[in-house]
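Q: Could you show me how to read the features of a protein structure one after another, with the general idea before each case?

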Amino acid sequence: MIRFYLALLSSKLLTFIYKLTGNRQNDRPGILAHKICDDFLEKIKKPETVICVTGTNGKTTVSNLVSEILIKDKKTVIYNDWGANMRAGVARCLLDGVTIFNTRKKVDVAVLETDEITSNQIFPLVKPDYIIVTNLFRDSMHRNAHPYFVYNRINDYIPDKTTLILNADDPISSMMGKDKKAIYYSIKKQPFEENEENIVNDFRICPKCHSTLKYDFIRYHHIGKVHCPNCDFKSVEASYIATKLDLKNYNMEVLHDKNKTTYKLASDSIFNAYNTLCAITLLSEMGLSEEKIKKYLETTKIVASRYTTSIYKGIEVSTIATKGLNAVGTTRVMDYIKGQTGNIELIIVIDDTFDNKNGSEATCWIYDVDFELLNKDNIKRIIVGGVRNKDYKLRLLLAGVPEEKIVCVEKEEDTYKSLKYKNIDKILILHEVYYVTGAHNLKNKIKDVIMNNKEASKWK
């Protein structure tokens with residue numbers, strides 16, 4: 001225990017120093033804690049309720065949704081809102097939840113975004129009351145290998161006391177925790193939806209009898225309803241079902257225990273409808289009433305690092321984040337862009353932020369992305385920036401996008417200079433999640449061009 005208290009005191013002191021210097025979002029105190037005491041996560045006192053949120057996509061959005069609603073419900077909450085989701089980030093978050101000598105818990109709830117690859121190092125020590133697995137998709141091969149490798153990293157380390165919150169429409173993650181308590185959520189097929197065949201589908205073979213599976217409905221990739229024609233394997237039944245989506249008016253009707261409640265959505269994408277439904281499921285299981293959740297969602301927004309939008313002299317300028325090296329997440333964003341109306345100029349800056357130094361992996365992931373979704377008449381210009389701009393140009397050409405629409409720029413920060421503005425309704429900036437500051441700088445530069453140009457009124 002001496003090593004633990006030394007780790008606690010040292011990391012508390014370092015946290016205090018960082019906060020004094022305005023550097024709160026730093027996981028170095030967590031790194032220090034683990035260097036001194038390897039089982040620090042096990043020994044530090046946890047709040048009454050601990051929630052871990054993991055999965056390939058949607059972790060940050062769900063974590064922030066849950067935390068924001070719990071805070072509105074007068075709970076004291078700690079959460080790693082800056083996205084440090086490995087051991088050090090989790091330790092740094094939990095430091096805020098205890099007194100200096102670990103004698104007393106200071107908060108009610110900890111919401112811990114947890115990296116799916118390192119969850120095996122976190123779950124057994126933290127022993128969460130709830131684990132959310134948003135989904136499991138193909139991700140960076142350099143780091144994540146394939147979805148079943150990640151599946152085992154999570155599934156083999158779920159504590160017995162944990163309640164799982166799982167997406168019934170994801171046949172991979174919904175197979176988890178067969179001997180554990182699990183609550184499932186699902187979105188019913190909507191009248192406006194048709195089967196969508198994407199390039200990537202990582203669930204085609206029955207896990208029980210190895211026959212070819214039959215999809216009753218594919219929403220995207222392997223998300224949908226599936227069954228095996230040769231055995232009893234099929235999608236699990238959900239107890240929280242979104243029966244009606246009104247994306248135009250940002251509403252979702254949810255059926256649970258024969259009660260239907262309409263909730264507000266924070267965006268008009270089905271992917272974020274899943275994130276919202278996931279949060280509703282967890283919060284309901286924690287005892288919050290439907291009325292309270294509905295009320296709190298009315299004023300809840302998607303975290304600004306993922307999506308922002310503003311209008312300058314009639315031109316809508318938005319930043320949209322995607323997870324770099326992640327074909328599925330990037331395709332989902334491109335599907336959202338495909339659904340946008342009006343004339344669009346699109347800036348794409350999705351290089352790995354470390355590419356300028358060493359690079360991280362081959363460009364093969366680009367060919368798993370459905371760039372074909374961007375081959376639309378109302379997308380007038382696509383500006384790709386970064387060291388791999390020619391790779392993206394080649395992929396866009398293979399997707400059928402006319403060459404005259406594509407502009408290559410060497411530096412991300414110069415992409416805004418290639419915008420034309422004339423007869424344009426929307427300018428969209430699709431950026432890598434670690435390029436948030438750069439994307440916001442681009443947005444501000446675009447704002448300056450529009451607001452300071454006396455001819456802007458004639459562009460429309």
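Q: Let us start with a helix: what covers the buried residues of α8?

A: Helices (H or I, at least four residues) and strands (E, at least two) are DSSP runs, numbered from the N terminus, and contact means heavy atoms within 4.5 Å. Here the cover over the buried residues of α8 includes β1 (49-54), α6, β4 (130-133) and α7 (141-144). Please keep in mind that this is a predicted model, in which local features need pLDDT of at least 70 and side-chain atom pairs count only at pLDDT 80 or more, while totals for chains, interfaces and linings use all residues. Residues are numbered from 1 along each chain as its sequence is written, and side-chain values use heavy atoms, with hydrogens and water left out.

Q: Which residues of helix α8 are buried, and why do they lie on the same side of α8?

A: An α-helix has 3.6 residues a turn, so residues three or four places apart point the same way. Buried means under 20% relative accessible area, exposed over 50%, and partly exposed in between (1.4 Å probe, protein chains only). In helix α8 (residues 147-155), the buried residues are P147, V150, Y151, I154 and N155. They cover an arc of only 125° around the axis, which puts them on the same side of α8; the arc is that of the directions from the helix axis to the C-beta atoms.

Q: Where does E116 lie, and is E116 buried or exposed?

A: E116 lies in the loop between β3 (109-113) and α6 (119-126), and at 1% relative accessibility E116 counts as buried. Leaving aside neighbours within four places in sequence, the contacts of E116 include V150 and I154, and also K59. K59 in turn lies in helix α4 (residues 59-72) and is buried, with a relative accessible area of 8%.

Q: How should I read a sheet, and in what order do the strands of the open sheet stand?

A: Strands of a sheet pair through backbone hydrogen bonds, either parallel or antiparallel, and two strands are taken to pair if DSSP finds at least two bridges between them. In this model 6 strands form an open sheet in the order β12-β13-β17-β14-β15-β16, with mixed pairing. β12 (307-312) and β16 (406-409) stand at the edges with a single partner strand each, so one side of each is left without a neighbour in the sheet. Strands β13 (residues 315-322) and β17 (residues 426-432) run parallel and are joined by 7 bridges; I320, for example, has L430 in β17 as its bridge partner. Helix α11 (residues 327-338) packs on the sheet, touching β12, β13, β14 (344-349), β15 (379-385) and β17, and its direction makes about 160° with that of β13. For such angles, axes are lines fitted to C-alpha atoms, for helices over the stretch in contact, and angles run from 0 to 180 degrees between N-to-C directions.

Q: How many aromatic pairs are there?

A: Rings of Phe, Tyr and Trp (its six-membered ring) pair if their centres lie within 6.5 Å; planes under 30 degrees apart count as stacked, over 60 as edge-to-face and the rest as tilted. By this rule the count comes to 7 aromatic pairs. Y220 and Y274 form an edge-to-face pair, with 6.5 Å centre to centre and 85° between the planes. This pair links distant parts of the chain, since Y220 is in strand β7 (residues 214-220) and Y274 in helix α9 (residues 270-285), 54 residues apart.
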